[in-house]
Structure formats: C-alpha cells, structure tokens
Amino acid sequence: MRSQAINIYEQDPVFSPDPTWTLAEPRLLLVDDEPRLLASLKELLDGQGYHLTTARNGAEAVAELGESHFDVVLLDIGMPDMSGHDVMDVINARGITTEVIVLSGHTGIEAAIGAINRQAYGYLRKPYRTDELLALVRNALEKRRLHIENRNLFARLEQSEKMYRFLIDSSPDIIYTLDQSGRFTYINRRVTELLGFDRDALIGADYAALVHDDDLDRARYVFNERRVGERASRNVELRLKCNEPASSERHFETSLRTISFNSIGLYASDKAPSVEYLGTYGIARDVTEKRRAEELITYQAYHDILTDLPNRALFHDRLELALLQARRKEQQLALMFIDLDRFKIINDSLGHLKGDELLRQVATRLRSCIRKGDTLARLGGDEFVALLPDLEKRTDATVVAEKFLEALGAPFVIDGSELHISASIGIAVFPEDGENDDELVRHADMAMYAVKSDGKNGFGFYDRSLLDAAHEKVLLEQELRRALQRGELEMYYQPQVDTAAGNVVAVEALMRWNHPRLGLLTPGRFLPLAEEMGLMVMLSDWMVDAVCADMQRLQRDGYRDLRFCINLSPTCLGRDEFFRKLWRTLEERKVAAEQLEVEITENICIRNPDLAIRQLNRLTELGVRIAIDDFGTGYSSLAYLQRFEVDTLKIDQSFVREIGQEGGHFPVVLAVISIARGLGMDLVAEGVETERQVRYLQQAGCRVMQGFLFHRPMPVRQLQSVLAGQASARQADVPLQEAG
Ligand SMILES: Nc1nc2c(ncn2[C@@H]2O[C@H](COP(=O)(O)O[C@H]3[C@@H](O)[C@H](n4cnc5c(=O)[nH]c(N)nc54)O[C@@H]3COP(=O)(O)O)[C@@H](O)[C@H]2O)c(=O)[nH]1
C-alpha cells in the first residue's frame with residue numbers, strides 16, 4: 001500500500017477556511033470628513049457590540065480597508081479628497097468583501113444611482129433617523145452573515161469534492177463507471193499509470209478497447225453487471241491491454257496486465273434498483289505481480305533451477321499423461337535414464353561451480369537431441385531422464401540414445417579448460433518393459449546400472465535378466481548383513497616379493513566372502529554394495545581385528561618383519577573413531593604399528609584434501625606406513641604427496657599389463673618408478689603375471705612385485721605354509737618361485 005502525505009489545502013487556497021469569517025464581534029468602518037458627524041455616528045453605534053474604526057476622509061478609509069477586514073462600511077459620499085463613490089470603486093476593484101451603507105448629504109438622485117450601481121447595500125440620506133440607521137446596519141450584517149455561511153458551505157463542498165477526487169485518483173485500483181451500453185462515463189487517473197491510456201480519451205469509449213480479445217466473453221459479464229450486493233461480480237480476473245506511450249508509431253498492444261474486477265450495477269435510486277439502471281460501477285485491481293509471482297512459484301515447483309529443465313514432479317506428470325495417451329492410442333513410448341559417468345569425481349575435483357556449469361552444458365546438449373513433443377528432465381545430481389512418446393518402434397529409442405552419446409562425446413569447455421564426460425543410458429519401453437510410471441522408471445534405471453557395470457559410456461534396453469540381477473542384489477544385501485555374524489568373511493593375503501632377494505617382504509590383506517550359496521566372492525562383488533548400504537565402517541572394523549589377529553599369529557611364528565598392507569575406504573579414514581579402534585587393536589594384539597601399511601588411492605584427497613591429509617598424518621604419527629595404490633590412475637596432484645608422508649608407491653596393474661612385448665618402452669611405468677625414486681619412496685609393482693614383466697620392471701629399477709606369477713591371494717594358513725616353505729627353501733638355498 002503506497003502512502004503519501006498530501007495537504008490538499010496547500011494545493012488550492014480557495015479551500016482554506018477563512019478564519020476572519022465570523023461575526024462574533026462585527027467590524028464596522030465609519031467614514032466621514034465632517035468630524036462632528038463622524039463623532040455622532042460613532043456615539044450612536046457605540047455599545048451595540050460592534051468593533052468600530054473611524055476614517056476622516058476617503059484616503060484614510062482606503063488605507064484602513066487595505067489593512068483590516070470590515071463587515072460593514074458606513075460611507076459618506078461627499079468628501080473633498082476622494083468621494084464615497086471613489087472609495088467604493090476601490091472596494092470593487094480590489095474584490096474586498098464587505099457591505100457598504102452610503103450616508104449622503106446630497107439630495108440629487110445621481111448620488112443614490114451611483115451608490116446602487118457600485119453594489120452598495122443601503123443608502124441613507126442625511127439627516128437620517130437613528131432607528132433607520134441601526135436597522136440598516138443590522139440588516140447589512142445579517143446579509144453579511146448569510147454570505148459568510150454560504151461561502152463556508154461552498155468551501156466545504158469544494159473541499160469534500162476535492163477530497164473525493166483525490167481519494168479516487170490516488171487509489172491503487174482503477175475505478176470506473178460505464179453507461180448502459182458499456183461506455184466509460186468515468187475512469188480515474190490510475191488507468192493512465194497502469195495501462196498507459198489517456199483517461200480523457202477513454203471517456204465515451206467501449207470497455208472492449210481495454211480487454212484482451214481472448215477474455216472478451218468473460219468481460220461481458222463484468223462490464224454489463226446489473227446485479228448489486230452479494231451476487232455482483234467479485235474477483236473476476238481479466239487481462240487488459242497496455243498502451244505504449246513512448247512509441248511514435250501507433251503500437252497499441254505491447255503487453256498485458258492481469259486485473260481482478262469487482263463490479264456492481266448502478267441505479268438512480270438505492271432503494272429500487274430495478275427501476276432505473278444507469279450503468280456499471282467497478283473497481284479493478286492490478287494483480288499482475290501477484291500472478292507473476294504465483295506463476296514463478298509454480299514454475300520453480302516444476303522446474304530444475306540449475307538447468308531450467310522440468311524436474312521430477314513435472315516429469316512424472318508428463319509421463320502419466322503420455323502413458324494415458326499411449327494406452328488409448330495403443331502406442332509405445334520410451335523412457336531413458338541418463339546418468340553421467342564419473343561426474344562425482346569431476347564435481348569433487350573441480351569444485352561445485354564448475355560441476356554446475358558442466359551440468360548446464362550437458363542439459364543444453366541433451367535438449368538439442370530431442371523433438372518438440374519429447375521431455376527431457378533432470379531428476380537431481382547427474383541424473384537426467386528423457387521421455388519419448390509416440391514411439392513407432394523400439395529401435396527409434398536407439399537413435400536418440402546414440403545422439404545423446406554423440407552429443408556428449410565432444411569436449412566441454414569450462415572456464416577455458418576442456419573436459420570429457422560420457423553417460424550410461426538405460427531404456428525401458430512401454431508396454432513391453434513396464435506397464436506404469438513406477439515400473440518404467442525402475443526398469444530404465446536398472447538398464448542404466450547394467451550399462452554402468454558393463455564399462456559405462458553406452459546404452460542398453462531393459463530385459464528380464466536385469467530384474468533377476470536386481471533380485472539377486474536385494475538378496476545379497478540381506479545376506480551381507482548376516483555375513484559378519486555368521487563368520488562368512490575371511491581375510492586373504494597376497495605376498496609381495498622382493499625379486500632380488502627372493503623373499504616375501506609384505507602381504508596385501510584382501511577380503512573374501514565365503515558365500516554359502518555363491519561360493520568365494522571377491523571384494524568387487526560385495527564391497528560396493530557394503531559402501532552403498534553404509535556397512536563399510538562395520539566391515540573395516542572387522543577387517544582391522546582380523547588382520548591384527550593374523551599379524552599376531554605370524555609374529556608368534558617368528559615373522560616379525562613381515563609387513564601387512566590393508567586397504568582402507570575413504571569412509572573409514574574420515575572417522576576419528578577409526579584411529580582409536582586401530583590403536584586399541586594394535587595394542588591388544590601387541591603388534592607394532594610399523595608392521596602395518598595402509599593402502600589408499602590418490603582420489604582420497606579429492607573431496608576434502610585438508611581432512612584427508614590431517615588423518616593421514618595421524619596414521620604416520622601412530623607409526624603406520626602409507627602406500628598409494630593404483631598410482632597414476634586417479635586424480636591427484638603431486639603437491640598433495642608432499643603434504644603427508646608416503647612410504648610406498650604401487651604401480652597399477654593396468655600399467656604393468658601393458659608391458660607386453662620384449663624390448664618395448666613403457667613410459668608411464670618408468671615415470672612412476674622415477675617419481676618414487678625421486679621422492680625416496682618404496683616401490684611395488686602389482687598385477688605381475690609374466691617373466692617379461694618381471695625383467696622389464698627389474699631393469700627399470702623396481703624390485704618388489706605382487707602378482708599371480710608369484711602368488712595368488714590366499715588364506716592365512718596357506719600363507720603360513722608359503723612363509724614356512726620360503727624359510728626352509730632359504731635354508732636349502734632353493735630359488736623362490738611358487739609352484740601353484
Ligand atoms: N576397503 C577395502 N577394500 C578392499 C579390501 N580387500 C580388498 N579390497 C579392495 O578390493 C579390490 C579388489 O581386490 P581383489 O579382488 O582381492 O583383487 C586383488 C587381487 O586379487 C588382484 N590381483 C593381484 N595380482 C593380480 C594379478 O597378477 N592379475 C590380476 N588380474 N589381478 C591381480 O588385484 C587386487 C589387488 O590390487 P591392489 O589392491 O590394487 O593392490 C582391491 O584392489 C581393494 O581395493 C578390504 O578389506 N577393505
């Protein structure tokens with residue numbers, strides 16, 4: 001509500017009430033050049049309740065009239081300097097409001113005519129009768145009183161009219177009246193401010209000049225409203241045209257405003273409305289901003305703010321509708337679940353602002369691949385869905401999926417740097433792969449996961465076998481929860497061999513699940529599930545216990561220098577509790593922290609490098625060694641390697657696997673070896689499977705190796721025999737190479 005302090009009296013002095021317009025003590029001016037007559041006149045009027053002022057000639061009278069206000073002037077005509085007529089001319093010329101009674105010694109008619117022509121109230125010839133004079137003065141004062149009352153009444157009327165106009169014109173609403181044929185008879189100033197129309201030009205114009213063509217039908221009821229009271233039109237919203245005042249061309253409609261109308265019929269009499277219908281009176285309130293705000297809220301409720309794509313809610317609405325139509329027309333429709341590969345890593349390493357920019361660019365590219373009737377929505381994070389109604393055949397979805405992958409294939413430029421990203425797309429087609437909204441989404445999601453676990457960057461359709469896999473997953477989840485209590489988990493150990501000395505210097509602890517139904521499962525089958533289910537902390541705690549127990553056992557066997565390497569998930573490293581647990585267990589088992597090495601991957605520093613570095617330093621303080629696993633495959637900055645103590649670099653199996661042909665050159669392997677040397681770290685090559693690899697690595701300067709060529713991961717009992725065999729072989733001086 002706008003408020004504005006306006007003094008309407010200031011705008012027009014006519015409406016100021018005159019404080020002198022009161023007859024409490026009437027003011028009389030007595031003018032005569034004959035001092036004796038002036039004195040007797042004064043004496044005559046004294047004691048009558050008047051305020052008397054005297055003037056001895058015309059000039060004095062004019063001066064008094066200029067200074068004070070008088071209700072009645074008793075004026076002599078024949079004065080030497082200035083006649084009574086001259087004084088009256090001054091009174092008339094200056095617009096002085098007073099009543100003049102002429103007192104004349106002249107006997108001729110001219111003096112009387114002159115006085116009457118100058119609007120004298122009365123004329124008395126000298127000598128006059130006292131009672132006659134007093135009566136004339138009283139009558140003049142009565143006329144004066146009536147005049148004052150009239151003026152005050154008029155001023156009040158003018159004032160209230162002005163107040164009414166002011167209120168109507170400063171109303172935030174458009175207020176109007178129409179005649180019986182729908183033509184404006186009145187409209188307030190607000191119409192100009194709001195719609196840009198000249199209000200005078202609108203008077204006499206048909207209301208239709210203002211109304212948007214599409215709303216004319218509804219407008220008819222509002223603008224021809226004959227009803228009054230409760231039944232009259234209330235809060236009817238119409239769109240009104242706006243006039244563009246600045247344009248030199250006659251550009252009539254430039255935009256629209258939404259206006260809410262309340263209107264009633266206007267009748268000549270309040271009492272009998274049906275008798276004489278005059279037209280319609282209405283108040284129209286601008287609700288455009290309210291409407292826009294509501295529209296924005298609705299838009300935001302159904303759209304993803306980052307990409308401007310439909311969100312989950314709108315997507316489900318559209319899917320429901322599309323399904324209704326597809327059922328009715330017996331058509332197919334495709335639902336595609338699009339999930340970006342490795343987005344989390346990119347987002348964590350580059351920061352969320354760049355991640356957001358990437359998502360925006362991805363959305364733009366995906367949108368460019370679909371047709372008008374299709375819907376692309378963002379469900380959240382890096383998950384998009386596409387809905388393709390009117391699908392002629394299943395393979396049409398293939399074309400769109402290929403387009404999506406191709407569109408994402410070109411590099412993205414974010415802040416001047418090039419970025420590559422791919423996507424895994426799962427497709428479910430109605431009615432074959434799902435009958436309803438929920439089923440289709442679930443099945444497309446399953447198909448997408450299948451693509452992910454099949455190497456990502458591709459697309460695949462849902463089929464029943466995926467459902468079996470999903471059931472299997474649910475089953476596995478339940479079994480994993482029970483695996484710990486049932487003692488089905490077991491630690492295996494894979495030796496790391498110093499190929500120059502020929503002995504096992506360390507073992508990597510690798511978890512196994514002796515699954516009652518599926519046999520021995522490697523971590524790839526159940527650790528991601530455990531991570532997803534939030535069981536990782538529990539499993540890690542169990543692993544630390546189990547490894548420390550085995551360390552103690554082997555220590556008792558005499559292997560005090562054997563190093564045990566454990567894999568640690570970032571989820572565990574972030575917990576303070578883990579350190580207490582590790583320290584307590586090492587204490588209880590009486591094994592040296594220096595015998596333990598924690599393998600982490602480079603990515604551990606991506607999400608929260610400061611926390612990771614703090615925690616790694618705590619491990620070092622405990623005496624535990626740190627190894628970087630899969631070095632060279634992740635996303636790390638060498639700068640991080642200098643912020644905590646790294647004891648060992650492990651050359652990743654993928655690099656070792658490349659060492660194929662004899663005499664070849666494998667620069668990544670050489671680079672990792674020289675980094676380790678340069679930073680004074682130990683080196684382990686993992687995944688060594690061939691003699692050729694051993695030779696190359698040895699020549700390049702890497703002595704310690706781990707791989708199937710030497711040993712596969714094994715249970716602790718088997719490890720004990722390997723170590724025992726190694727000890728006796730050394731005694732017999734037999735070269736170390738496992739037989740099986
Ligand atoms: N947080 C935890 N993670 C764990 C734990 N135990 C294991 N893991 C992680 O699982 C990854 C896979 O382990 P696994 O399936 O046991 O595979 C290891 C070896 O069996 C395999 N390997 C070793 N030598 C060879 C070889 O010559 N060829 C070949 N194809 N594979 C080989 O490599 C895995 C060990 O590699 P790495 O860890 O990179 O040294 C495992 O990598 C852990 O990340 C656990 O208790 N907690």
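# A walk through the predicted model

Lys372 sits in the loop between α13 (352–367) and β12 (375–380). Helices (H or I, at least four residues) and strands (E, at least two) are DSSP runs, numbered from the N terminus. Lys372 counts as exposed because it has 4 C-beta neighbours inside 10 Å. The cut-offs are these: a residue is buried if 20 or more other C-beta atoms lie within 10 Å of its own, exposed if 12 or fewer, and partly exposed in between, with C-beta atoms placed from the backbone. Lys372 and Leu388 are 16 residues apart along the chain, and their C-alpha atoms are separated by 9.9 Å.

This is a predicted model: local features need pLDDT of at least 70, side-chain atom pairs count only at pLDDT 80 or more, and totals for chains, interfaces and linings use all residues. Residues are numbered from 1 along each chain as its sequence is written.

Now the whole chain. The protein chain has 27 helices and 27 strands. Of its 740 residues, 32% are buried. Take the contacts between residues at least 6 apart in sequence: 61% of them join residues at least 24 apart. A contact here means two C-beta atoms, placed from the backbone, within 7 Å.

Next comes a parallel sheet. It is open, has five strands, and runs in the order β2-β1-β3-β4-β5. Strands β2 (51–55) and β5 (122–125) are at the edges, and each pairs on one side only. From one strand to the next, the twist averages 20 degrees. Two strands pair if DSSP finds at least two bridges between them. Between β4 and β5, which run parallel, there are four bridges. Ser104 stands opposite Arg125 in β5. Helix α6 (residues 130–169) lies across β3, β4 and β5, at about 160 degrees to β4. Such angles run from 0 to 180 degrees between N-to-C directions, with axes as lines fitted to C-alpha atoms, for helices over the stretch in contact.

The loop between β5 and α6 holds Pro127. The peptide bond from Lys126 to Pro127 is cis, with omega near -10 degrees.

Which residues of helix α4 (residues 84–94) are buried? They are Gly84, His85, Val87, Met88 and Ile91. Seen down the axis of α4, these buried residues fall within an arc of 155 degrees, so they line one face of the helix. The arc is that of the directions from the helix axis to the C-beta atoms. An α-helix has 3.6 residues a turn, so residues three or four places apart point the same way. On the other side of α4, Ala93 and Arg94 are exposed. The cover over the buried residues of α4 includes β1 (27–31), α3 (58–67), β3 (72–76), β4 (99–104) and α5 (109–117). Just after α4, Gly95 takes a positive phi of about 70 degrees.

A second sheet is antiparallel. Its five strands form an open sheet in the order β7-β6-β10-β9-β8. At the edges stand β7 (184–187) and β8 (233–241), each with a single partner strand, so one side of each has no neighbour in the sheet. The twist averages 30 degrees from one strand to the next. Six bridges join β6 (residues 174–179) to β10 (residues 277–286), and these strands run antiparallel. Within this pair, Ile175 has Ile283 of β10 as its bridge partner. Helix α9 (residues 216–223) lies across β6, β8, β9 (256–267) and β10, running at about 130 degrees to β8.

Turn to the ligand. It is surrounded by 24 residues, and the closest are Leu510, Thr522, Pro523, Asn567 and Gly707. By class, the shell has nine nonpolar, nine polar and six charged residues. Ala, Val, Leu, Ile, Met, Phe, Trp, Tyr, Cys and Pro count as nonpolar, Asp, Glu, Lys and Arg as charged, and the others, Gly among them, as polar.

Some backbone details remain. Most residues other than glycine have a negative phi, and most peptide bonds are trans. Asp308, though not a glycine, has a positive phi of about 70 degrees. Asp308 lies in the loop between α10 (288–302) and α11 (312–329). Lys590 is not a glycine either, and has a positive phi of about 55 degrees. Lys590 is exposed, with 11 other C-beta atoms within 10 Å. A cis peptide bond joins Phe430 and Pro431, with omega about 0 degrees.

Conventions. A residue is near a molecule or strand if its C-beta atom, placed from the backbone, lies within 6 Å of it.
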